[in-house]
Amino acid sequence: MEKQTVTIYDVAREAGVSMATVSRVVNGNQNVKPATRQRVNDVIDKLDYRPNAVARGLASKKSTTIGVIIPDVTNAYFASLARGIDDVASMYKYNIIMENSDENDQKEMAVLNTLLAKQVDGIIFMGNRVTDKLREEFSHSRTPIVFAGSVDDEESVPSVSIDYIESTAEAISKLIKEGNKKVAFISGSLSEPINGKYRLAGYKQALKEAGIKFDEKLIFETDYSYESGIKLASQLKDTDITAAFAGDDRLAAGVLNGLTDQGVKVPDQFALITSNDTQVAQLVRPQLTSITQPLYDIGAVSMRLLTKLMNKEEIEEPTITLPYGLDSRETTKNNFEF
């Protein structure tokens, strides 16, 4: 038997009140007598009435819905950001539609257009690269957009992240101070600004400060996966490289386990620092030294920034940089103070 949709009219008829009264009760308007409010709520419970969010949105010209574009829902980094977004969205009574883009340019465009077609009030974008087409769509859209944990190298879209240049420079400096002269830089595509423009700049900055010449052969581009880390470990083993910085925790875990499987002792023979400090960094043995990011806070602040944009509040600083740390664990030798 097909379930019948319960409408506001059904609730009003059953409770013996007007539809306007039901609407006031549903929306928390205090201008309703307590006895009447109780009667309406009892009927709502009895009929299992669910207000139609789409209809309410049409009436208010707001959908009270946020679109979140996430590149990989299985990646703990983005999942941690999403938790912060979700908690603040709930606080401000916004619903979330989450779309997975699979870090695919065409799919990113498709999910963006899907969200805009659903008339979401705002969008939070997570991703390591913004294509020209995507940027063009952002510029034409009247829907507010915020980047979470991502960087806009043109600073045309409000964003929340850490300082990727300084954090990477600090990680590389630590490896150099521990006696490593050949430090590999392992990341995703260098066409992504977070890697090619920011992290790589931090890497070069640390080398320059230490008086070490930059060597292209120490740069390894790959995808962010555990399997890629395993494969890279074989390449690293047969070189004179003694340390590495990895731009993703799963990638770093693959390098670590791959080296260990080949009999390389970490950190005695090879030191390793990762960049996101997700749960993965502490699940492996030895535990990964990592740049620490306030992942939950990045998500939460992004959502709060979006609420301000949606309410047309004045924004003092559209590019927000949160503090980072460096947690020395077991894949580096010494605990230097910075």
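**Exercise 1: a serine in a loop**

S275 sits in the loop between strand 9 and helix 12; strands (E, at least two residues) and helices (H or I, at least four) are DSSP runs, numbered from the N terminus. Before going on, note that this is a predicted model, where local features need pLDDT of at least 70, side-chain atom pairs count only at pLDDT 80 or more, and totals for chains, interfaces and linings use all residues. Residues are numbered from 1 along each chain as its sequence is written, and side-chain values use heavy atoms, with hydrogens and water left out.

Task: is S275 buried or exposed, and what does its side chain reach?

Solution. 
- Step 1: S275 is buried, because its relative accessibility is 2% (buried means under 20% relative accessible area, exposed over 50%, partly exposed in between, with a 1.4 Å probe and protein chains only).
- Step 2: The S275 side chain reaches the backbone nitrogen of D248 at 3.4 Å.
- Step 3: Beyond neighbours within four places in sequence, S275 is in contact with R199, F245, A246, G247, D248, D249, S290, I291 and Q293 (contact means heavy atoms within 4.5 Å).

**Exercise 2: an aspartate in the loop**

Task: where does D277 lie, and which residues does D277 touch?

Solution. 
- Step 1: Look between strand 9 (271-274) and helix 12 (280-283): the loop there holds D277.
- Step 2: D277 counts as buried because its relative accessible area is 19%.
- Step 3: Not counting residues up to four places away in sequence, D277 touches D249, Q282, S290, I291, T292 and R329.

**Exercise 3: the sheet and a helix across it**

Task: what is the strand order of the open sheet of six strands, and which strands does helix 13 lie across?

Solution. 
- Step 1: The order is 2-1-3-4-5-11, with parallel pairing (two strands pair if DSSP finds at least two bridges between them).
- Step 2: Strand 2 (95-100) and strand 11 (319-321) are the edges, each pairing on one side only.
- Step 3: Strand 3 (residues 122-125) and strand 4 (residues 145-148) run parallel and are joined by three bridges; I123 stands opposite I145 in strand 4.
- Step 4: Helix 13 (residues 295-310) lies across strand 1 (65-70), strand 3, strand 4, strand 5 (159-161) and strand 11, at about 170° to strand 4 (axes are lines fitted to C-alpha atoms, for helices over the stretch in contact, and angles run from 0 to 180 degrees between N-to-C directions).

Notes: Polar contact = N/O pair within 3.5 Å; in protein donor to acceptor, adjacent residues only side chain to side chain.
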